[in-house]
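Try each task before reading its solution.

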Amino acid sequence: LARQEFEKLISTFPESKLKGRALFRVGSSLYNVSDYKGALRVFKKVLADYTDRKLLADARYQIGWSYYQMGKEKEALREFRKILALFPGSDLAADVQFWFGEYYYNRKQFNKAAKQFSLLAEKFPHSELADDAYYWLGLTFLEAGKFSLSIRQFRKLINNFPGSEFVPDSMLRMGTVFQRMGDTDSARRQF
């Protein structure tokens, strides 16, 4: 229904300055009903026909997710890398940087994950994902057995983002790390 309304808007008002955004919404509607091939076709049309940077960044981001949902990881990774290259200061770039960290973390490629989360914290210190970056860095180093680095990241999170939803879990994880290191006094202080 939404897709039909946007298509109607495009055909009724072909000269509208909102045509590109309406076309993007058509792609989003297709994506939302799992028609990733159709969505991909529409988002690529947005890239080909429009010049608005925000619209182009959004379309490229959705192209990446469409490929990912279609199981075409290599193509998705390529599109997400293009976002980092073409739109380095955008909110989407922070999201993509975080996604790369999760991507590598889930594949147990902890050095690559740590690099991505570190880049997120460094490049986007005021992003909504900045506290996530430190939390996931702590987890990444914990999984990699780099306990002192893990504790350092959890402390940065606690000190720099005291209101973060990740603070309680970071404190618990620090206690667990101290326990694994055999430092029961520090572990006790954390718990």
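**Exercise 1. Aromatic pairs**

Task: How many aromatic pairs does a search of the whole structure find, and how is the pair Phe100 and Tyr104 classed?

Solution: This is a predicted model, and a search through the whole of it gives 22 aromatic pairs. For Phe100 and Tyr104, start with the distance: the ring centres are 6.3 Å apart, and the cut-off for a pair is within 6.5 Å. Next take the angle, which is 20 degrees between the planes. Planes under 30 degrees apart count as stacked, so Phe100 and Tyr104 form a stacked pair.

**Exercise 2. Along the helix**

Solution: Helix α6 spans residues 91–106, and Phe100 and Tyr104 are 4 residues apart in it, so about one helical turn separates them. For burial, the cut-off is under 20% relative accessible area. Phe100 has 3%, so this residue is buried. Tyr104 has 10% and therefore counts as buried too.

**Exercise 3. A neighbouring ring**

Task: Which class of pair do Tyr103 and Tyr104 make?

Solution: The two ring centres are 5.2 Å apart. The planes of Tyr103 and Tyr104 meet at 75 degrees, so this pair is edge-to-face. Tyr103 is buried, with a relative accessible area of 9%. Now widen the view: ring pairs join Tyr103 and Tyr104 with Tyr61, Trp65, Tyr68, Phe80, Trp99 and Phe100 in a cluster.

**Exercise 4. Surroundings of Val46**

Task: Which residues does Val46 touch, leaving out those up to four places away in sequence?

Solution: Then list the contacts of Val46, which are Gly20, Leu23, Phe24, Leu55, Leu56 and Ala59. For Leu23, 23 residues away along the chain, the C-alpha separation from Val46 is 7.0 Å. One of the contacts, Phe24, also has a charge over its ring: Arg21 lies over the face, 5.1 Å from the ring centre.

**Exercise 5. Surroundings of Ser66**

Task: Is Ser66 buried or exposed, and what is it in contact with beyond four places in sequence?

Solution: Ser66 is found in helix α4, residues 53–69. With 0% relative accessibility, Ser66 counts as buried. The contacts of Ser66 are Tyr31, Tyr36, Ala39, Leu40 and Phe43, once neighbours within four places are set aside.

Terms used. Residues are numbered from 1 along each chain as its sequence is written. This is a predicted model: local features need pLDDT of at least 70, side-chain atom pairs count only at pLDDT 80 or more; totals for chains, interfaces and linings use all residues. Side-chain values use heavy atoms; hydrogens and water are left out. Contact means heavy atoms within 4.5 Å. Rings of Phe, Tyr and Trp (its six-membered ring) pair if their centres lie within 6.5 Å; planes under 30 degrees apart count as stacked, over 60 as edge-to-face and the rest as tilted. Helices (H or I, at least four residues) and strands (E, at least two) are DSSP runs, numbered from the N terminus. Buried means under 20% relative accessible area, exposed over 50%, partly exposed in between (1.4 Å probe, protein chains only). A charge sits over a ring if NZ of Lys or CZ of Arg is within 6 Å of the ring centre and within 35 degrees of the ring normal.
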